[in-house]
Amino acid sequence: MLKRFLRKPGFSDEGLELYQAIVAQGRLPVFYSDLSVPDSVDGRFDLITLHIFLALRRLKREGAVAEALGQDLTEIFFADMDLNLRELGASDIGVGRRVKRMIEGFYGRALAYEAALDGQGDRLEEVLARNLYGTTEVQEAVLVDLATYVRGADSHLLGLVWADLSKGRIDFPQPCLGMSHNGG
């Protein structure tokens with residue numbers, strides 16, 4: 001259904017493919033069960049935001065050639081957020097304000113993730129705690145595992161070739177758990 005709704009002039013098949021792969025990754029049960037991300041509208045939004053950020057970070061490394069695909073990806077994300085809010089029963093007036101807040105939240109989170117991965121801001125664990133967990137209590141071991149996953153995903157995506165990305169093909173590594181949970 002998402003493809004039908006979002007198939008409008010301007011959204012590329014490649015952008016839709018990227019977005020669907022990102023959403024599939026963000027829906028993996030391991031994030032909610034083992035990594036304690038809140039299984040809520042906000043938790044899912046924040047997890048998809050994290051994965052879109054990682055994809056955009058990878059696309060940015062391609063320079064101008066990937067700019068249109070990155071723009072397409074963010075527009076598809078915001079259109080999907082609009083659709084989801086409407087399906088949840090938000091009024092037309094309320095949707096615009098909420099999507100605007102989501103857009104601002106997305107860019108704020110992206111800047112914080114970028115700085116943390118580049119070693120120029122707060123520790124990645126602190127940024128993840130603030131953005132994915134909010135006021136929810138989370139164990140340090142879980143934050144370490146999630147930060148390890150994010151760094152690994154960033155590195156993994158760097159190894160993807162532009163020929164695949166340009167066709168909308170992206171894959172993420174599976175979260176590896178246990179080192180910090182087992183005291184190892």
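I looked up His-51 first: this residue counts as buried because its relative accessibility is 0% (buried means under 20% relative accessible area, exposed over 50%, partly exposed in between, with a 1.4 Å probe and protein chains only). The model is predicted; local features need pLDDT of at least 70, side-chain atom pairs count only at pLDDT 80 or more, and totals for chains, interfaces and linings use all residues. Residues are numbered from 1 along each chain as its sequence is written, and side-chain values use heavy atoms, with hydrogens and water left out.

I placed His-51 in helix H4 (helices are DSSP runs of H or I, at least four residues, numbered from the N terminus). Leaving aside residues up to four places away in sequence, I found that His-51 touches Ile-22, Gln-25, Gly-26, Phe-31, Tyr-149 and Phe-172 (contact means heavy atoms within 4.5 Å).

I then examined helix H2 (residues 13-26), whose axis comes within 9 Å of that of H4 and crosses it at roughly 135° (axes are lines fitted to C-alpha atoms over the stretch in contact, and angles run from 0 to 180 degrees between N-to-C directions). I noted that H2 contributes Leu-18, Tyr-19, Ile-22, Val-23, Gln-25 and Gly-26 to the contact, and H4 contributes Leu-47, Ile-48, His-51, Ile-52, Ala-55 and Leu-59.

Ser-36 is not a glycine, yet has a positive phi of about 60°. I recorded Ser-36 as partly exposed, because its relative accessibility is 32%.

Lastly, I located Lys-100 in helix H6 (residues 92-117). Lys-100 counts as exposed because its relative accessibility is 53%.

Definitions and conventions
Helices (H or I, at least four residues) and strands (E, at least two) are DSSP runs, numbered from the N terminus.
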